[in-house]
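Hi,

Here is the structure I promised to pass on.

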Amino acid sequence: MYILNPTKIASRFPLLNPTRGVCKLGFPTILQQNKGLRGGTIRKMAWSLERCDEGIETRSGIVRPATEVYADEAIEALRAGKVIAVPTDTLYGFSCDACSVEAVNRIYEIKGRKHTSPLAICVGDVSDIGRFAVTDHLPPGLLEGLLPGPVTVVLTRGESSILEKSLNPGLDSIGVRVPDSDFIRMIARGSGTALALTSANLSGLPSSVDIKDFKNLWENCTFVYDGGILPAGRAGSTVVDLTMLGKYKILRPGSAKEETISILERHSLVEAGEPNAKS
């Protein structure tokens with residue numbers, strides 16, 4: 001009787017080799033490395049791996065799950081001047097090193113956006129904001145009350161800002177985000193600089209809450225990081241101008257307008273144009 005040799009079969013057909021895991025980097029290994037994550041995160045990661053054939057390059061680009069396993073890879077891509085797509089706490093966004101002129105220009109090209117439309121920046125922690133914008137005039141604790149969260153604060157850049165002058169040229173203010181999203185904050189911290197951040201879509205089209213929404217643009221990104229379907233809707237962040245002493249101005253209602261106004265008023269700020277506004 002002819003006896004089959006399972007070792008030879010596995011060597012010729014590696015997909016049948018049970019020691020190699022499910023895909024390129026090994027699904028069991030990833031789960032083991034992330035055993036401390038919440039069950040929902042693991043389920044989301046598993047869903048992403050199944051959907052995107054985890055880590056394998058396709059004609060549309062390379063899709064990864066937005067987990068700690070891939071943070072270093074994302075940081076290296078940013079340092080190399082590449083554009084990546086990442087989930088935030090509101091929408092999916094295109095991101096790059098805010099101090100790389102070439103990368104910033106590439107984002108404008110991908111979106112088909114006019115260079116006169118400013119980009120916001122993302123930092124890892126509230127304490128980082130002072131490196132890029134003026135915060136001395138704000139009441140203590142205000143930024144910590146608003147962020148991390150679905151809010152973009154517009155502040156004066158000031159002479160002490162370490163941002164490149166080529167980012168949003170001609171503007172003396174900058175929108176700053178600290179999303180309540182672990183993955184993008186992790187890579188922002190690791191990059192050591194600010195990240196340019198804008199919604200992942202063609203200019204003028206609906207924003208993206210699922211990577212499928214901008215699949216036609218994947219090929220323009222070095223990596224697309226999948227965080228599943230984002231629950232906040234397509235309203236995006238609430239944008240508030242905080243450049244004026246004692247005043248605020250809502251520039252875009254976004255997804256957290258009422259909560260934002262409540263926090264601002266608790267810190268004695270009044271809406272710009274109100275009769276009792278501080279000068």
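Just after helix α5, G112 takes a positive phi of about 65°. Bear in mind that this is a predicted model, where local features need pLDDT of at least 70 and side-chain atom pairs count only at pLDDT 80 or more, while totals for chains, interfaces and linings use all residues. Residues are numbered from 1 along each chain as its sequence is written, and side-chain values use heavy atoms, with hydrogens and water left out.

Back to α5, which covers residues 101-111. (Helices are DSSP runs of H or I with at least four residues, strands are runs of E with at least two, and both are numbered from the N terminus.) Its buried residues are A103, V104, I107, Y108, I110 and K111; buried means under 20% relative accessible area, exposed means over 50%, and partly exposed is in between, using a 1.4 Å probe and protein chains only. Seen down the axis, they fall within an arc of 165°, so they line one face of the helix. (That arc is taken from the directions from the helix axis to the C-beta atoms.) E102 and E109, on the other side of α5, are exposed. What do the buried residues of α5 pack against? The answer is β4 (92-97) and β8 (195-199), with contact meaning heavy atoms within 4.5 Å.

Next, the aromatic rings. Rings of Phe, Tyr and Trp (its six-membered ring) pair if their centres lie within 6.5 Å; planes under 30 degrees apart are stacked, over 60 edge-to-face, and the rest tilted. By this rule there are four aromatic pairs. One of them, F94 with F214, is edge-to-face, at 5.9 Å centre to centre and 85° between the planes. F94 sits in strand β4 and F214 in the loop between β8 and β9 (223-226), so the pair ties together parts 120 residues apart in sequence. F94 is buried at 0% relative accessibility, and F214 is buried too, at 1%. Then there is F183 with Y225, a tilted pair with 4.9 Å centre to centre and 45° between the planes. F183 belongs to helix α7 (residues 182-191) and Y225 to strand β9, 42 residues apart. Both are buried. Y92, F94 and F214 also form one aromatic cluster.

Cheers
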